[in-house]
Amino acid sequence: MGLEKTLIKEIWRGTRGGSYFYVVEGKELVHISNYATKKLPSKYEDEVVYEVPTDRVIGKTIYHFSFSKSGNILPYKCRIEDFVNGYPKTYEYFEIHELRGLRFRVTDHKLKFLLTQFEQVFVPMIHEIEEYQRLKGFEISLMGRSRRLMEAFSDPELYYYTFMSLPNDKSRLMSLRVIRRWIYQIWTLKLTCEALKASKFKGHEYEGRPYWWVEQGSDMCTGIMETPFGDVTFWLEFQPGSGAHMIGMFVERRVPIRPDIVLVKGYFEWTRDFVESGKAIDVIIECKEDPFDKWEGEIESQIIPYQKIFKPHNFIVVSLERVPETVKESLRRQGIDVVDDLKPNSESIKEFTTSIVKAFESLDQR
């Protein structure tokens, strides 16, 4: 008589309709595939069927990370004995914070590094952004953004358990990279507002409370701040028009035309109002959260083309990591300032503040 085996079925649809199982081993969450002896064929393209020897998992807690089509997580726990035809028929719902202290097993060294960096660098950025919101009395509206980004801002711990429930390291890395990019942009915008001594935000209000409208390529500005330099309108992921979204004239491959941060003196609640004004962009800030060797090619494919297309009065590249001095000097000769090692509590924050203030002081001399 052979060993008893249990079928366990997962749905691989990312965090919109996906369904994944993890077994608790000490302080780790280990994907069910590590216990399976076979992966069986399925008539459904996105269904994965595992054959698991029951005795390998008997008596262990199994956490099920299930997602609705809209991205809401529906977590519950069960035992191997509860499975019938691939799914648990008896289970218990739990709060994600019950998992505190447990970590997903990770073998990919790149993912390990980014997870550590996220906790040490990006979570403090989120806290700084939240504190700035509290001090200035505004909200950040993440319009059209993924639920994972909203989770990262509202509860970084919840974000960890949702995106890391994806069994594929490539999918985990993709999610984390997107979230890192947005956090770094918003944190840099926060530094910009502090540098310009923004006294208050206006333009967008809901129930008397101002907010930043964060939406890629939006027809609305992200916000308008009142500063000693007058009103300053700003955009995240600025796109001048729905038709102007690709660079094709300077590079062979298609590159999105969406400068990370755009600053303009004046009050322009709608993007089209600014475009129709014929006014030049005062400052473009490009944010690079990856090591230099990961974005070096974007100097020719993105940064220089942005300068030629938009012709801003000032252009600043900020980098989380160090940039070679020769590269910084080369870009400065082309009118592009570079501030590297820009992260919480770094000396580079002072350098960035000086660059922003000088950029706006120079506008008065034009």
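Trainee: What percentage of the 366 residues in the chain is buried?

Mentor: This is a predicted model, in which local features need pLDDT of at least 70, side-chain atom pairs count only at pLDDT 80 or more, and totals for chains, interfaces and linings use all residues. Residues are numbered from 1 along each chain as its sequence is written, and side-chain values use heavy atoms, with hydrogens and water left out. Buried means under 20% relative accessible area, with a 1.4 Å probe and protein chains only. Of the 366 residues, the buried share is 52%.

Trainee: Which residues touch the most other members of the largest nonpolar core?

Mentor: A nonpolar core is a set of buried Ala, Val, Leu, Ile, Met, Phe, Trp, Tyr and Cys residues joined through side-chain atoms within 4.5 Å. The largest one has 75 residues, and those touching the most other members are Phe65, Trp212 and Ile285.

Trainee: Which helix supplies the largest share of this core?

Mentor: Helices are DSSP runs of H or I with at least four residues, numbered from the N terminus. The largest share amounts to 12 residues, and its source spans residues 169-195, namely helix H5.

Trainee: Over which residues does pLDDT stay under 50?

Mentor: pLDDT is the predictor's confidence in each residue, from 0 to 100. The chain has a mean of 91, and 94% of its residues reach 70 or more. Where pLDDT is low, the predicted coordinates should not be read in detail. The stretch with values under 50 is residues 243-254.

Trainee: How far apart do the centres of the positive and negative side chains lie?

Mentor: Lys and Arg count as positive and Asp and Glu as negative, without His and the chain ends. Each charge is placed at NZ of Lys, CZ of Arg, CG of Asp or CD of Glu. With 52 positive and 55 negative side chains, the separation of the two centres is 3 Å.

Technical notes:
Buried < 20%, exposed > 50% of the residue type's maximum accessible area, 1.4 Å probe, protein only. Helix = DSSP H or I, 4+ residues; strand = E, 2+ residues; numbered from the N terminus. Contact = heavy atoms within 4.5 Å.
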